[in-house]
Amino acid sequence: MDRRQFLTSAAAVTAIASLPRSSWAQDLLDIKPKRVGLIGCGWYGKCDLLRMIQVAPVEVVSICDVDSQMRDGAAELIASRQKSGKQPRQFGDYRQMLAEKDLDVCLVGTPDHWHALAMIEACQAGADVYCQKPISRDVIEGQAMLAAARKYDRVVQVGTQRRSTAHLIEARDKVIGEGLLGTIGHAEICCYYGMGRNRTAENCPPPENLDFEMWTGPAPKLPFNPVMHPRSWRMFEEFGNGIMGDMCIHMLDTVRWMLDLGWPTSVNSRGGTYVHTDATGNVPDTQVATFDFDELDVVWTHRTYGDAPDRDYPWALFLYGDKGTLKASVNKYEFFPKGKKEATLSGKPQTEWDKYPEDEHEKDLEQHVAAANRAHQRDFLKAVEDRTRPVADIEEGHISTASCILANLSQQLGRSLTWDVQAGKVKQDDEANGLLAREYRGEWVHPTAENV
């Protein structure tokens, strides 16, 4: 059976991946309480942690952040939400926190350039890890993270929670699984949000509450700029993978999960900064990437200006088959049979304020994805309990992350990159392979699959 036939087989596609374990909520209430730590107390670190507190008996015993103000605020919020009412211990250096070796679970919600070292050392300290996406700043970091998870037998879930999003699971099962699309020949993924790419600010001294030396860590040292911290650090290639690593990874990972796709055979990308030329950030404001998966191409487009072609789907995926089209996003999905203007199947997320009334007024919480985050935490904690692989296992996170990094490298080099899965490098391209790991600064040692 070739891939085209596989993608039209209802039985095969329905078996692609297990349902998220949201039905196990009661089971989790009966497990032994887990001792939890958080590295990175910013926006999404807190979002993830607070959802975990909602679904299982956990005690947050330690938190770490290089911003003392952010850390203090997180400690107060955690105390108000966890059952014990206790404030967690506070650390400014994650190494000191992990040296206690008293954590069952560790969440990593730092900027991208810190994910690898924090996740690997958490595994070495005996903790299972929930790590935000993209898992790494470069490809070799990702290989090392996968190696560490396997070497220390740790459960590692990546924050690609589209795999635990109820209406997207429904779309996968009812549309793809039932063969309504027919033969799927093409996928498009996109983001047309501004993403703060047009922000400008002058360099200045870092605030007193921020240990900027530690914040920078292994990354190149730049002068402090208010755009960097908090939250807009993704606009600097030194600290993240830009919009490709922030937004593309979600939709690429969703397509891979829905269609059971592994590694792309090749990646080609073009783009640059064409509009926000005076902005402080340095990542592309415009980028198109093609991920080749044998008989199926997945094409990504982002730009941070203008309107989306489909205003109902500014950040989305589109699957095209000979029998119809599936449109899907974090806000809804719709299936359109060929030639029809009206959707015959659709779904959208539900808030759960009746069960979790604290959600309604939580600062900065994405209300439409809170339920998916809870389902993702349940899946992770159930895997921790059973010692199994979670739905967004570190290997899947590595594939999706590395694919996006390869797109950035293709854009940088101006040529297609063909990936050798077995060798873990680009075929016949020494220059590209030299960019799979970037040089670490100062005392920090770049991890590899061999040295973890």
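**Entry 1: Arg270**

I started with the neighbours of Arg270, and leaving out residues up to four places away in sequence, Arg270 touches Thr286, Gln287, Val288, Ser410, Gln411, Gly414 and Arg415. I kept in mind that this is a predicted model. Where does Arg270 sit? I found Arg270 in strand β8, which covers residues 266-272.

Is Arg270 buried, partly exposed or exposed? Its relative accessible area is 41%, so I wrote down "partly exposed", since that label covers values between 20% and 50%.

I also took one distance across the model. Arg270 and Gly159 are 111 residues apart along the chain, and their C-alpha atoms are separated by 27 Å.

**Entry 2: the annotated domain**

I turned to the record next. An unreviewed UniProt entry carries the annotation "domain: Gfo/Idh/MocA-like oxidoreductase N-terminal" for residues 35-159. What is the chain made of over residues 35-159? I noted 45% helix and 21% strand there, with the end C-alpha atoms 20 Å apart.

**Entry 3: helix α8**

What caps the N-terminal end of α8? I found Asp138 there, with a side-chain oxygen 3.2 Å from the backbone nitrogen of Ile140. Past the helix comes Asp153, and its phi is positive, near 55°.

Then I checked how covered the helix is. Ten of the 13 residues of α8 are buried, so the helix is largely enclosed by the rest of the structure. The buried ones are Val139, Ile140, Glu141, Gly142, Ala144, Met145, Leu146, Ala147, Ala148 and Ala149.

**Entry 4: Ser232**

I moved on to a loop. Ser232 is found between α10 (212-216) and α11 (242-259). Is Ser232 buried or exposed? With a relative accessible area of 12%, Ser232 is buried, because the cut-off for that word is under 20%.

What does Ser232 touch, not counting residues up to four places away in sequence? I found Arg199 and Val227. With Arg199 there is also a polar contact of 2.8 Å between the two side chains.

My last stop was β12, residues 324-328. Four of its five residues are buried, so β12 is largely enclosed by the rest of the structure.

Which way do β11 (residues 315-321) and β12 run, parallel or antiparallel? They run antiparallel, and four bridges join them. I saw Phe318 standing opposite Lys327 in β12. The two strands are joined by a hairpin through two residues.

I then followed the chain from β12 to β13 (residues 333-337). How many bridges does this pair have? I noted five, again in the antiparallel sense. One pairing I looked up is Leu326, whose bridge partner in β13 is Phe335. A hairpin through four residues joins β12 to β13.

Conventions: Residues are numbered from 1 along each chain as its sequence is written. This is a predicted model: local features need pLDDT of at least 70, side-chain atom pairs count only at pLDDT 80 or more; totals for chains, interfaces and linings use all residues. Side-chain values use heavy atoms; hydrogens and water are left out. UniProt positions are given in the numbering used here, feature names are shortened, and annotations may be inferred rather than shown by experiment. Buried means under 20% relative accessible area, exposed over 50%, partly exposed in between (1.4 Å probe, protein chains only). A polar contact is a pair of N or O atoms within 3.5 Å; within protein, one must be able to donate a hydrogen and the other to accept it, and residues adjacent in sequence count only if both atoms are side-chain atoms. Contact means heavy atoms within 4.5 Å. Two strands pair if DSSP finds at least two bridges between them.
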